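Morning, everyone. Let's take a quick look at a ligand site.

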Amino acid sequence: MSRIDLHSHTTASDGSLTPEELVRLAKRQGVSVLAVTDHDTVAGLPRAIAEGELLGVEIIPGIEISCSYGETELHILGYFIDPADPHWEPALTRYWASREDRNPLIVQRLNELGCELDYAEVKAAAGSATVGRPHIAQALLRKGYVKSISEAFDRYLADGGPAYVPRRLPPPAEAIGLIRQTGGIPVLAHPVYTSRIKEPFEQICETLKGFGLMGVESFYSSHNQQQTDRYRSISREHNLLVTGGSDFHGEAKPNLLVGTGYGNLKVPEDLLEPMRALAGKDNKSG
Ligand code: AMP
Ligand code: ZN
Ligand code: FE
Ligand code: FE
């Protein structure tokens, strides 16, 4: 049976599989169309696309950009982006720098909390990846300070946790604008996490749509049927595309598999056509 998955991570950011390994696993899982959406980087895309060509898996070039929204954070996915577009480099360099400012401060907090860890070790294990909290969680796991990645988040790293340090994030208008400028389709990721925002979801959609948002990730690994139905109907009411994906990360999110999420995810293939119809239609001039 063929399936599609429009949200996945590789070692270019905080996933544990290389782009080639991810595409091979997707192929074994029966995924025929896979969007690769690493955090704040397009570096994994050429390798994923090349492996996809080899194996007959269509790779949709994507990205996931972390943004601020008032006091909270939300993530914007970009689909059918042009990784070679010159607009990426300066923005992604800034996002990279804000992570490099923040990560050592998280490690410093952990040191104060009794976990002996060196940011150089975290960096060495991450290689050239965009370093995120999952890399720090993995270091805590390797050193035996926690027994699982989720324990690392629960005890230390989660938003507002004892080792949490906020980072400078771009406003959503910037991320959405950047994705549109590079030919892509901006979509709100995992809408269930916006429940932390004290504003009706419809209002968030309208605000983001005003910035150029084009879709909502209504199908998502941790959505139940009711949530999926709700986000899908709100998307339709607001004339936004309905999309879906697993948010596969490999070891950083155990039990979550590409294509099937926690087992029940089934992203309808017919979501693709309206996305394709809009892709690249935008000015690639700006
Ligand atoms: P960062 O980008 O450094 O702020 O780290 C955030 C990333 O950590 C998210 O995109 C998720 O991939 C991951 N993450 C957040 N919370 C958890 C959790 N409770 N368990 C596992 N991974 C998480
Ligand atoms: Zn991630
Ligand atoms: Fe995300
Ligand atoms: Fe993600």
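A word on classes before I start: Asp, Glu, Lys and Arg count as charged, Ala, Val, Leu, Ile, Met, Phe, Trp, Tyr, Cys and Pro as nonpolar, and the others, Gly among them, as polar. With that, the shell around ligand 1 splits into five charged, four polar and four nonpolar residues. Keep in mind that this is a predicted model.

Now the shell itself. It has 13 residues. His 39, Arg 99, Arg 102, Arg 133 and His 249 are the closest.

Next, the polar contacts. Arg 99 puts a polar side-chain atom 3.1 Å from an oxygen atom of ligand 1. Arg 102 also has a polar side-chain atom 3.1 Å from a ligand oxygen. With Arg 133, the backbone is involved: one of its polar backbone atoms is 2.7 Å from an oxygen atom of ligand 1. On its own, ligand 1 exposes 500 Å², and the protein buries 79% of that.

Where does ligand 1 lie? Domain 1 (3-83 + 171-279) and domain 2 (93-157) both contribute shell residues, so ligand 1 lies between them. Helices H3 (88-112), H5 (133-142) and H6 (149-157) each supply at least two of the shell residues. And the space ligand 1 takes is the largest pocket.

Conventions
Residues are numbered from 1 along each chain as its sequence is written. Chains are lettered from A and ligands numbered from 1 in the order in which they are written. This is a predicted model: local features need pLDDT of at least 70, side-chain atom pairs count only at pLDDT 80 or more; totals for chains, interfaces and linings use all residues. Side-chain values use heavy atoms; hydrogens and water are left out. A residue is near a molecule or strand if one of its heavy atoms lies within 4 Å of it. A polar contact is a pair of N or O atoms within 3.5 Å; within protein, one must be able to donate a hydrogen and the other to accept it, and residues adjacent in sequence count only if both atoms are side-chain atoms. Accessible areas come from the Shrake-Rupley method with a 1.4 Å probe; for residues, only the protein chains shown count as cover. On a 1 Å grid over the protein atoms alone, a cavity is a set of points where a 1.4 Å probe fits but cannot get out, and a pocket is an open set with protein on both sides within 12 Å along at least five of seven lines; lining residues have an atom within 4 Å of a point. A molecule sits in a cavity or pocket if more than half of its atoms lie within 2 Å of its grid points. Helices (H or I, at least four residues) and strands (E, at least two) are DSSP runs, numbered from the N terminus. Domain bounds come from an automatic or database domain assignment.
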